[in-house]
Every structure is written in C-alpha cells, then in structure tokens.
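Hi everyone, thanks for making time.

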Amino acid sequence: WQVHKNFIADPLGREMVAFGDIVPSEDGRLNASAYGTTYWEKPGPWMSYFLTSDDGGTSWSVKSKIADTLNETALLYLGKGEWLAAARGKNTTLFRSTDDGATWQDEGTVSEDRQIPANLLQLRDGRILLTMGDRRKDHLGIRARVSTDQGKTWGDTYFVATMPSGDGGYPASLERNDGKILTLFYSKSEDSYSAQAAIWEIPE
C-alpha cells in the first residue's frame, strides 16, 4: 500500500477529507465525495464536493460542489447519469444529480435533527435504503427509511439498533442473499469503542 496524504485540495485551497464509498460508474470512472474545511484550525465552513478519477484512483479532480455548509456525504449511483447524495448538517439533506454529477438539486431533509450521518443502498428490488445514526439524547441508536420511488419520497423511520452513547453511528448497510439487511456501525461505551452489527428485516 502507498499512502497519499492531502490527495486533493478543494477550490479554496483547503484540505479535503474523503467520506463514504468509492463508487464506479459505467465508463469505469471512480467517484467519491469529500468535504473541504478549516477544521484543524477551527470548525468550518464546510463544503461538500463530488470527486472523480479517470486513472483508477491515482489522481482525483473536483467535478462539482454538492452543497455549502454540509460535510460527510454518502453517494448512490442510480445509473444513466443519475446520483443521490445524503449530506450531513444538523440533519441529513438529500441531493440529486441528473447530469452525472455536474450539478446538484437540494431535495430537502430526510431525517430529524441529529440523525447523522447517513448511508445509501439500492436493494435488489430497486428500493433505496437510508440508514443513519440517531444521536438524539433520548433516541440513541441506528434508524432507517425506505424509498420506493428512487428517493423522491420516503416511508416511516424504522428502529434498527441501540447505542449506549451519542458517540456512535456511521452505519454501512448491505443486503444479504436471504434478503436481510446487515448494518455495521461503531459505538462507544464508557471509555471503549467497538464495532457493532445488526441483522434485520425491513418491515412489510
């Protein structure tokens, strides 16, 4: 392995922090999200960007800005140049691109406050699963929502798993061969951290 620190700067010349999956598109290009920040000096202002690589990840370029004031952003490729992006602020906001990431439209929030950050997964039947950490004091845990129309509308919020403290979350989900969902997340209990796994079924 070779380590490439500070692999790209944002258009303002600030350090970029990568987040989420590296997602391939049909032409072999790699795509990812990252956010630019002055975090190491003082928090923000955050800006979320869409990055692309045409050489297998050796070099990256900023194709577009997804959002101002938001940071950790999960990507989902729907095919034919259409993308969804779930970005972290005080809650989770959904963005859509229909021109292969050149421009992004704000489609509104898809969570309550402090239900952050999120993960997006397209199931085999075409539905889209959104999983997110819930850091609200009286609701600590992992939650999920499902869309049956490519993210245009979302159903009820499901409970997936508990967390003992507000320091946790960052779920990643996949669909098993038996149709159940496996969701991994991290959790803090007292002074130790652990990786947690939940195996669950989406309610009918």
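Let's start with the largest pocket, where β1 gives the most to the lining, with five residues. When I say strand, I mean a DSSP run of E with at least two residues, numbered from the N terminus. Before I go on: this is a predicted model, where local features need pLDDT of at least 70 and side-chain atom pairs count only at pLDDT 80 or more, while totals for chains, interfaces and linings use all residues. Residues are numbered from 1 along each chain as its sequence is written, and side-chain values use heavy atoms, with hydrogens and water left out.

Back to that pocket. Its volume is about 330 Å³. A pocket here, on a 1 Å grid over the protein atoms alone, is an open set of points where a 1.4 Å probe fits, with protein on both sides within 12 Å along at least five of seven lines; lining residues have an atom within 4 Å of a point. The volume is the space filled by probe spheres set on the points, which are joined across faces, edges and corners. Which residues lie nearest the centre of the largest pocket? Those are H4, F7, A18, G57 and W60, out of 18 lining residues. β1 (16-24) and β2 (30-36) each supply at least two residues of that lining. By type, the lining divides into nine nonpolar, seven polar and two charged residues. Nonpolar covers Ala, Val, Leu, Ile, Met, Phe, Trp, Tyr, Cys and Pro, charged covers Asp, Glu, Lys and Arg, and the others, Gly among them, are polar.

Next, a sheet. Four strands make an open sheet, in the order β5-β6-β7-β8, with antiparallel pairing. Strands pair if DSSP finds at least two bridges between them. β5 and β8 are the edge strands, each pairing on one side only. Between β5 and β6 (residues 82-88) there are six bridges, and L76 has L84 in β6 as its bridge partner.

Now the aromatics. How many aromatic pairs does a search of the whole structure find? Seven. Rings of Phe, Tyr and Trp (its six-membered ring) pair if their centres lie within 6.5 Å; planes under 30 degrees apart are stacked, over 60 edge-to-face, and the rest tilted. F50 and W104 are edge-to-face, at 5.5 Å centre to centre and 65 degrees between the planes. F50 sits in β3 (residues 47-53) and W104 in the loop between β7 (92-97) and β8 (105-109), so this pair ties together parts 54 residues apart in sequence. F50 and W104 are both buried, meaning under 20% relative accessible area, with exposed over 50% and partly exposed in between (1.4 Å probe, protein chains only). Y186 and Y193 have ring centres 6.0 Å apart and planes at 45 degrees, so that pair is tilted.

Most residues other than glycine have a negative phi, and most peptide bonds are trans. T69 has a positive phi of about 65 degrees without being a glycine, and it is in the loop between β4 (61-68) and β5 (73-79). Is T69 buried or exposed? Exposed, because its relative accessibility is 55%. E190, also not a glycine, has a positive phi near 55 degrees and is in the loop between β14 (181-189) and β15 (192-200). Finally, I116 and P117 are joined by a cis peptide bond, with omega about -25 degrees, and P117 is in β9 (residues 115-122).
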